[in-house]
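Hi everyone, thanks for making time this morning.

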Amino acid sequence: MRYLQYETTMPTYSILPDRPTAYQGPRGISVEPQSPITSMVLEVTVRLPRDIGPLLAILSMQAYLLVGGSPVWAGLANEGSAGLYVRSIPQVLALPEGQVDLATAALIVSEKWSDVVQGLRYRERIDAMAYHIQQMLHDQSLPADHRAIGLINQYLFRELGFYAVPHAKDANDLFLHSVLDRRRGYCLSLSILYLAIGERLGLPLYGVVVPGHFFVRYDDGNIRINIETTHNGGQATDQYYMVANHVPEGHGLYLKNLTKHQTLACLFNNLGVVYIDTGYLDLAIEALELGVRIVPDLAEIRANLANAYARKGLWDHALTQYNYACRLNPNDLKIRQSLASLYLSTDQPDLAIIHLRQSIELDPNAADSYVQLSMAYQQKGQYSAALEAARSGLERDPAYPGLYTQMGQVYLQQQDYQRAQEAFLKAAALAPQDPQPDLGLGVCYLKAGRLDLAASRFKKVLAVDKTNVAALVNLAHCYLANKEYANAIEQYTQALAIRPNDPSIHYNIGSVYARQAQWAQAAEWFRKALALDPTQGQAHHGLAVCLYNMGDYQGAWQHLQAAKNNGVEVPADLEQAISQKAGTTP
């Protein structure tokens with residue numbers, strides 16, 4: 001991470017619910033009069049507590065058969081499936097499509113996430129739900145076809161009260177066991193429950209993915225119905241999804257009926273997102289690589305895999321996956337922004353500019369694209385173009401604080417501290433909780449020698465984020481300039497605990513000791529800096545001064561030459577003094 005630079009995050013791509021407005025409402029159903037026995041059984045089942053209801057529902061159904069009622073069912077459609085007996089994801093993926101049981105597979109994932117989950121008990125609850133819907137179909141003399149959809153919707157969303165969360169911010173909303181416990185989920189997790197019930201009823205239901213969303217489709221070859229689990233089973237047309245979710249031309253895997261394996265790949269994608277968000281990057285990569293192997297042509301999975309690689313520092317792998325994702329869905333703004341951000345991180349601003357210009361074509365009002373475009377020009381040293389990009393963004397969104405922050409960064413690099421201060425003040429007024437403007441203002445004050453004001457800004461940042469390395473380092477600079485050496489060492493040391501391999505922090509600690517003529521301690525820290533980065537010219541220069549004062553004139557001369565070779569302008573009097581002591585010619 002660069003100090004004092006606006007950072008755009010690389011977003012993860014969960015298959016999240018959106019809130020469309022063009023859905024038809026859930027279809028109503030007519031309830032036929034129930035026989036006394038059936039009514040008694042259903043009445044008892046409905047009034048049972050939630051935790052024991054499913055088991056007693058099964059017992060009630062068995063009792064119904066024993067008292068002489070006509071048989072309502074001959075068992076669930078998935079009975080005997082090999083997928084009911086697997087115990088690991090590799091075993092699931094080794095099964096032929098017709099033998100996969102989605103509920104079992106999803107609950108294996110739940111068991112891996114939480115040791116206390118017993119998947120078999122949750123599967124029994126799903127079986128009980130399917131039996132209950134079978135009873136409803138029988139009571140209304142309906143076959144298990146598209147007419148079952150209305151009954152499933154009534155049972156899940158009206159009677160049981162399952163509902164969709166607007167955002168997948170809680171990791172637990174991904175997992176099937178949690179959906180059953182809390183009766184809430186988002187598009188993918190609710191759809192997996194819906195599909196699991198459907199496969200037990202023998203319904204031709206399929207998962208369907210579009211950019212950023214997942215839903216269920218009934219398709220028996222003649223009748224095709226899209227089912228929105230985030231809207232109580234309401235319906236929407238393919239055309240609606242094409243517009244609302246920006247489905248790319250050619251579609252690829254989008255809007256097609258997914259196999260069960262492909263549906264599981266979408267689950268692995270979102271599992272990978274959960275692992276990224278919780279910091280388990282190796283597990284995230286494992287889940288996402290598995291998803292890519294199953295579904296190589298889904299942009300979201302590749303983008304998330306790129307994100308995980310980038311966070312691990314595997315830049316080449318990340319670039320490969322982002323570029324692949326971009327080819328699969330060239331209309332995805334976030335993928336292009338993430339790819340551009342990665343190009344900036346790997347010092348490839350020209351390639352970043354290409355994708356950012358395409359991002360702006362996709363959405364001229366996307367302020368982040370203008371911020372990144374300004375950063376790219378700044379990285380190239382084209383400061384006028386950087387400022388112009390930021391101003392173009394402000395024409396679209398004059399209240400976007402990140403654009404003012406970025407302008408401040410450019411002015412800082414131009415050493416125009418007055419204009420930088422004005423830009424950072426505007427950003428701080430618009431986003432008082434954002435530490436970046438305060439960080440920039442602190443640097444402006446530090447450069448102007450207004451140490452108290454600078455220190456107050458850095459302390460304000462640290463009050464919000466005590467691990468902010470830039471604030472720690474710059475606060476230490478203030479103390480060093482004010483000759484508060486002990487305080488400077490303390491702040492640098494805290495920064496070093498967070499970034500132990502940052503050579504500049506080692507160099508700064510050495511500088512504090514050198515200011516106090518503690519040459520041995522200073523030399524030790526300069527050597528540590530050079531061990532991390534042998535090309536750090538200032539560390540060579542500092543070490544040369546230390547060695548000269550310690551009487552090692554040959555060593556001082558060698559490091560002074562290394563400093564010159566790495567771009568440091570060496571004072572002539574210093575070079576002359578060391579040369580004379582070392583017996584060398586300047």
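Let me start with a question: how many bridges join strand S4 to strand S5? There are four, and the two strands, residues 213–219 and residues 224–227, run antiparallel. Together S4 and S5 make a hairpin, with four residues between them. Look at Gly221 in that turn: its phi is positive, about 95°. If you want a pair to click on, Val216 stands opposite Ile227 in S5.

Now, a step back. This is a predicted model, with an average pLDDT of 87, and 87% of the residues score at least 70. The exception I'd flag is residues 1–73, where the pLDDT is below 50, although this stretch has 169 contacts in the model beyond near neighbours in sequence. Where pLDDT is low, the predicted coordinates should not be read in detail.

Of its 586 residues, 55% count as buried. The protein exposes about 26,000 Å², with carbon and sulfur atoms supplying 51% of that area.

One helix I'd like to show you is H4, residues 102–113. At 1.5 Å a residue, its 12 residues should span 16 Å, and the end C-alpha atoms are 17 Å apart, which agrees. H4 is mostly covered, with nine of its 12 residues buried; among them are Leu102, Leu107, Ile108 and Val109. And what do the buried residues of H4 pack against? Their partners are helices H3, H5, H7, H8 and H10.

Notes. Residues numbered from 1 in each chain as written. Predicted model: local features only at pLDDT ≥ 70, side-chain atom pairs only at ≥ 80, totals over all residues. Heavy atoms only, no water. Expected span 1.5 Å × (residues − 1). Buried < 20%, exposed > 50% of the residue type's maximum accessible area, 1.4 Å probe, protein only. Contact = heavy atoms within 4.5 Å. pLDDT = per-residue confidence, 0-100. Pairing = 2+ DSSP bridges. Areas by Shrake-Rupley, 256 points an atom, 1.4 Å probe, with all protein chains shown as cover.
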